Amino acid sequence: MIVAAAYVRVSTDNDEQTSSYELQKNYYTDYIKAQPGWEFVGIYDDEGVSGTSLEHRKGMQQLIEDCKAGKIDLILTKSVSRFARNVVDCISTVRMLSELSSPVGVFFES
């Protein structure tokens, strides 16, 4: 059984971004639930928050804590830029997740 979660983020609260945010949440909920052998554990999100730093991203911080606690095997996200705008943060986070005692994979759709 693969325990899967998704991470979604939009950086502004404008109508177009809010629509994208809701679409991402619905898409990943349906997608993960449809996969045989996968268990859906939730959507972690940050709405209206810049991806340039992990500091103010409460959804991402909770996701990382749950990964460290062994609650998640796989994270799905739309793109590298949704996961982190800062390349160093992105690489270091993916590396840290892969080196946990129960490694966590990250799948970027694009």
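Modeller: Let us begin with the helix: a helix here is a DSSP run of H or I with at least four residues, numbered from the N terminus. In this predicted model, Tyr27 and Tyr31 both lie in helix H1 (residues 15-34), 4 residues apart, which is about one turn of the helix.

Biologist: How is the pair of Tyr27 and Tyr31 arranged?

Modeller: Planes under 30 degrees apart count as stacked. Tyr27 and Tyr31 form a stacked pair, with 20° between the planes and 5.8 Å centre to centre. Ring pairs also link both residues with Tyr28 and Trp38 into a cluster.

Biologist: Which arrangement do Tyr7 and Phe83 adopt?

Modeller: Planes over 60 degrees apart count as edge-to-face. Tyr7 and Phe83 form such a pair, at 90° between the planes and 6.2 Å centre to centre. Tyr7 lies in strand S1 and Phe83 in helix H3 (residues 80-83), so the pair ties together parts 76 residues apart in sequence. Both Tyr7 and Phe83 are buried.

Biologist: Which residues touch the most other members of the largest nonpolar core?

Modeller: A nonpolar core joins buried residues through side-chain atoms within 4.5 Å. Among the 15 residues of the largest core, these are Leu63, Cys67, Ile72 and Ile75. Strand S1 (2-10), helix H2 (58-68) and helix H4 (87-98) each give two or more residues to this core, and H2 gives the most, with 4 residues.

Key:
Residues are numbered from 1 along each chain as its sequence is written. This is a predicted model: local features need pLDDT of at least 70, side-chain atom pairs count only at pLDDT 80 or more; totals for chains, interfaces and linings use all residues. Side-chain values use heavy atoms; hydrogens and water are left out. Buried means under 20% relative accessible area, exposed over 50%, partly exposed in between (1.4 Å probe, protein chains only). Rings of Phe, Tyr and Trp (its six-membered ring) pair if their centres lie within 6.5 Å; planes under 30 degrees apart count as stacked, over 60 as edge-to-face and the rest as tilted.
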